[in-house]
There are 2 protein chains.
Amino acid sequence: MENINICIAGLGNVGSALVQLIEKNAEFVKYKSDLKINIIGLSAKNKSKKRDFDISNYFWVDKPIRLLNIQGKKPNILVELIGYEKDISYELVKSALNQNINVVTGNKAMLAKYGNELFSIAEENKVLLLFEAAVAGGIPIIKTIKNNLFLNKINKISGILNGTTNYILTTMELEDKSFEDVLVDAKQKGFTSDHEAKLDIGGYDAAHKLTLLTSLAYGSEVDFELNEVEGIDKITIEDIKFAKQLGYKIKLISETSIIENTIYASTKPKLVSKENPIANTNGPLNAINVETDELKSLYLEGEGAGGFPTASSILSDIYEISNSTGYKSLGFTNSKLVKFKKFNSSNLESKYYLRIRAKEQPGVLSMITSYFNEANISIEKILQIPDNDSDSIPIVITTHKIISSELLSSVKKISDLDFILGYISLIPIEN
Amino acid sequence: MENINICIAGLGNVGSALVQLIEKNAEFVKYKSDLKINIIGLSAKNKSKKRDFDISNYFWVDKPIRLLNIQGKKPNILVELIGYEKDISYELVKSALNQNINVVTGNKAMLAKYGNELFSIAEENKVLLLFEAAVAGGIPIIKTIKNNLFLNKINKISGILNGTTNYILTTMELEDKSFEDVLVDAKQKGFTSDHEAKLDIGGYDAAHKLTLLTSLAYGSEVDFELNEVEGIDKITIEDIKFAKQLGYKIKLISETSIIENTIYASTKPKLVSKENPIANTNGPLNAINVETDELKSLYLEGEGAGGFPTASSILSDIYEISNSTGYKSLGFTNSKLVKFKKFNSSNLESKYYLRIRAKEQPGVLSMITSYFNEANISIEKILQIPDNDSDSIPIVITTHKIISSELLSSVKKISDLDFILGYISLIPIEN
């Protein structure tokens, strides 16, 4: 069992979720990874704010810089979740790295501005500065590019990197509301604050994230100035409707590629064809498409924000730092593999589709439905389609949720009826 | 620079693509990873078969087992791509692991059958047995679960894991053809062989892959017997049409979850709602959805088969084995980061959407279009919508591809016309 001592600076949505996640999953993490994650210090702006966990269980410091030395002890990892405020986060992260402390951060604005310097300091001091949580919340896009596709030549990365603007555009369309009205809603729901809204709507938050993806993909120095940025504030409900009429949706698209040895990194609204899965990425979701020399398209979609999804990304960085992979081809060591029993699927509940072919004669349908009634199987829809080329008819029935063994026994009875032809096709339905 | 010596057994689609990929990207791989991948031995059934690379550049052995000792030299990694044939692959992989040679394989059938034994041997001998290429071709689902989501509790994995059956189901719908006819097509196009077709269509290939995902997700011993398997051979074109009428598509869905401490691992046809992105995964694509305690949904879609996409997964395993991560937070070491120039995007070509609001007076539209004509800007569509509440009208124009600077200069001229009101909305279009 290896002890990993971490300190957390910043207890907003993500920081609070991380503390709860580590509390809740302590046993699971120990079992799966042989890691014991100890939170040895916390710091946030407002100690007395109401939180979803008991801060009295933890060592508290008012000044985040004091997290780097908790009663004479250096943490293995500093988790920086303060956000970008007057360079406090930058000074803190820099100090940690200079003291050979690994850092995990969700702070894209800081990295887009100071990344070059901070990544250099990390490497010189032989520690890691990881940032899965800084881009696309719960989608592990950083590790996908850095570890899983590292020996692919990346041609283009494009997608939706900001959930707030995507929520606004989606809601404008669904509720037929103006940009301004939806923005007020979004602020009231806590999706964005005045300060954040400026970065979100102006496209800057997405461009901060794209700056990091550009570096990962092309080995480019971290340089926010490479970005072209245009926000969504000029998009009207009229534009959204016209776009729809033309077969498109309007999305804030961030994309990066190398053209003629220069970087084209752009964040701006685009009309995206309805056939493109990115067009159907709705609400606060994020989506990213990666094109490489060998892969025409690798598409990832998931929650781009939110406390727990983002905390999951923080945890994956803690694991990357702590895990000396060893020889675990399955992630688990062999001694931890469990012999499971197979589930008895006759107890499974599902909606079902049935296709029955019957002789065309009066009363067929009512006979069939009466068998269902007897067995208490609730029918959702029936299609009875005349088939002119044949003296038999197909009957299609969809059911409400039903235990599969019960349905099977009714189906068996029906198949035995003399007006039923061939087999009854039975397929479960998934929404 | 680290030398990685590999041997490749099996030179079908994937093996051949791998050799070409390593040849083509040698400089790129050296630059990016400090690894020099040397192919020190090749073996395949038929030496004289026509191939897309020159085998005379490589050391050839007829018996794959001889790859484990090339002129007295042990490879660092054996790449096993023979496929599942009479246990040759199993014996080869076992010998390699017993001689402390790492193995990378694409052989799901072998792993589904012998995985428990082979993973144990690997761990005992302190080597890795990696298999990214065995599941979902170019989609890095193994590393996503094993590395990126390792400290998430996985609730469910579901998706389309076999490209051939998905191609058949998609083509039946699009071309209104019977299952049998499309299968003949698929064989003629080389998507599947008689032997493979049995595994594909019967659902077994997908179930082999699901067996591996079940182990990764739940730490379950590798056990094919946990699977329920049903193929697509009973799906008729009638079923596909009825499903469509009801708002669904029929897909071969593999899914694994833990229910009441038992494993429910099922591969069978299901009706999937058209709103679900999996329903829109067409042709030979694969798609996988992962649900965890912290992530409602992480969705990955990409090429599930094919030589180069799958070779890219093999390469990612070679990288995982060879890369001693060091302190490269960006994957690249800092000394390799490049200062790029920003692309001059006024040269960018795109289709565009324009919304213009004009006073309602005769000749407005022809004035506007004449400006476009003069500038050689080709118009795709025009929408002119009467607006009864106003004495102005919106005019929406979409263009064919055009250099953005040229469009901008025309738009500027048009904005200056006295009958134009407000700003002209200008948004690029992406298909």
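Entry 1: I found two bridges joining strand E9 (residues 262–273) of chain A to strand E12 (residues 341–342) of chain B, and the two run parallel. Strands are DSSP runs of at least two residues (E), helices of at least four (H or I), numbered from the N terminus; two strands pair if DSSP finds at least two bridges between them. I noted B:Lys341 as the bridge partner of A:Thr262 in E12(B).

**Entry 2: the model.** I recorded that this is a predicted model, in which local features need pLDDT of at least 70, side-chain atom pairs count only at pLDDT 80 or more, and totals for chains, interfaces and linings use all residues. Residues are numbered from 1 along each chain as its sequence is written, and chains are lettered from A in the order in which they are written.

**Entry 3: the contact.** I looked up the contact (C-beta atoms, placed from the backbone, within 7 Å): 106 residues come from chain B and 106 residues from chain A. On the side of chain B that touches chain A, strand E9 (residues 262–273) of chain B gives the largest share, nine residues. I noted that 100% of the interface residues of chain B are also interface residues in chain A, so the copies meet through the same surface.

**Entry 4: the symmetry.** I superposed the copies by least squares on the C-alpha atoms of residues with pLDDT of at least 70 in both. Chain B is laid on chain A with an RMSD of 0.0 Å by a turn of 180° and a shift of 0.0 Å along the axis. This is the relation of a two-fold axis. B:Leu300 comes closest to the rotation axis among the residues of chain B, at 2.3 Å (C-alpha).

Conventions:
Two residues are in contact if their C-beta atoms, placed from the backbone, lie within 7 Å.
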